[in-house]
Amino acid sequence: MGTCSFCKKNIGLLTKEYDCSVCGSHICAKCTHKWRENVPQLALILDRSPKLPFICIEGETGYLPVCPACLSTIEGMNYKYEWALSNCEDVEIVSANYKGHKRYDPNSRIDVSSNSYKDRNEAKRELCAMAKYYGRDMIIECECEKQQHEDGNYIYNTWSYSGIAVNKQ
């Protein structure tokens, strides 16, 4: 229970309170923008910041609560992610099993990962997009994780990727 950072209204038992996914400000339901585009991908990007994103589930869809001050920030992040997704074909992936040597800038290392997908290529594409988002052109020590799930009589696999994004030398 506190006060909304924007309208200064008291947030009590009957008023829903959110934390902005970008800056962490306390906001009431009226001041909250419910961001719905690329939620899993932006959650990965926001996870790199000190404030963990809070994904709200509404029916079958999720959203990121965003305060009015951070709305343009998340719009910019979404635009940059969309650009990275459409321009990630040139990102080179190097398996963790690779025994050779690839030349890269050691100061450009940044951990990247994908969400889990039923389609392995979709997970790999998201990993490349995350590297491109951070301005990197190669992923080293790339690993693929396969998980088996059961839904009644239906058994299926999901795939996710992780690695270290770097710049080639």
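Two aromatic pairs turn up in this predicted model, where rings of Phe, Tyr and Trp (its six-membered ring) pair if their centres lie within 6.5 Å, with planes under 30 degrees apart counting as stacked, over 60 as edge-to-face and the rest as tilted. In one of them, the ring centres of Tyr133 and Tyr134 are 5.1 Å apart and the planes stand at 85 degrees, so this pair is edge-to-face. Tyr133 and Tyr134 are both buried; here buried means under 20% relative accessible area, exposed means over 50%, and partly exposed is in between (1.4 Å probe, protein chains only). Tyr154 and Tyr156 also pair: their ring centres are 5.3 Å apart and their planes meet at 25 degrees, so they are stacked. Tyr154 has 46% relative accessibility and so counts as partly exposed, and Tyr156, at 21%, counts as partly exposed too.

A few words on how to read these values. Residues are numbered from 1 along each chain as its sequence is written, and side-chain values use heavy atoms, with hydrogens and water left out. Because the model is predicted, local features need pLDDT of at least 70 and side-chain atom pairs count only at pLDDT 80 or more, while totals for chains, interfaces and linings use all residues.

Stay with Tyr156 for a moment. The charged end of Lys118 sits over the ring of Tyr156, 4.5 Å from the ring centre; a charge is said to sit over a ring if NZ of Lys or CZ of Arg is within 6 Å of the ring centre and within 35 degrees of the ring normal. Arg120 does likewise with Trp159, its charged end sitting over that ring at 4.6 Å from the centre.

Now step back to the overall layout. The protein has three helices and 11 strands, where helices (H or I, at least four residues) and strands (E, at least two) are DSSP runs numbered from the N terminus. Along the sequence they follow the pattern β-β-β-β-β-α-β-β-α-β-β-α-β-β. The C-alpha atoms fill a box of roughly 60 × 45 × 25 Å, taken along the principal axes, and 38% of the 169 residues count as buried.

What lies inside? In soluble globular proteins, nonpolar side chains tend to be buried together. Here the largest nonpolar core has 42 residues, and Ile45, Leu64 and Ile74 have the most contacts inside it. Such a core is a set of buried Ala, Val, Leu, Ile, Met, Phe, Trp, Tyr and Cys residues joined through side-chain atoms within 4.5 Å. Elements that each supply at least two residues of this core include helix 1 (39-46), strand 7 (61-66), helix 2 (71-86) and helix 3 (120-133). Helix 3 gives the most to this core, with seven residues. Another core, of five residues, lies apart from it and has Val94, Met138, Ile164 and Val166 among its members.

Buried in helix 2 are Ile74, Met77, Asn78, Tyr81, Ala84 and Leu85. They cover an arc of only 125 degrees around the axis, which puts them on the same side of helix 2; the arc is that of the directions from the helix axis to the C-beta atoms. On the face turned away from this buried side, helix 2 carries the exposed residues Ser72 and Tyr79.

Next come the cysteines. The whole structure contains zero disulfides, a disulfide being a pair of cysteine sulfur atoms within 2.5 Å. For Cys7, the nearest cysteine sulfur belongs to Cys28 and is 3.7 Å away. With 37% relative accessibility, Cys7 counts as partly exposed. The sulfur of Cys142 is 7.5 Å from the closest cysteine sulfur, in Cys144, which is too far for a bond. Cys142 counts as buried, at 8% relative accessibility.

Finally, look at the backbone. Most residues other than glycine have a negative phi, and most peptide bonds are trans. Asn38, although not a glycine, has a positive phi of about 50 degrees. Asn38 is placed in the loop between strand 5 (33-35) and helix 1, and is buried, with a relative accessible area of 19%. Glu141 likewise has a positive phi of about 50 degrees without being a glycine; Glu141 is found in strand 10 and is partly exposed, with a relative accessible area of 43%.
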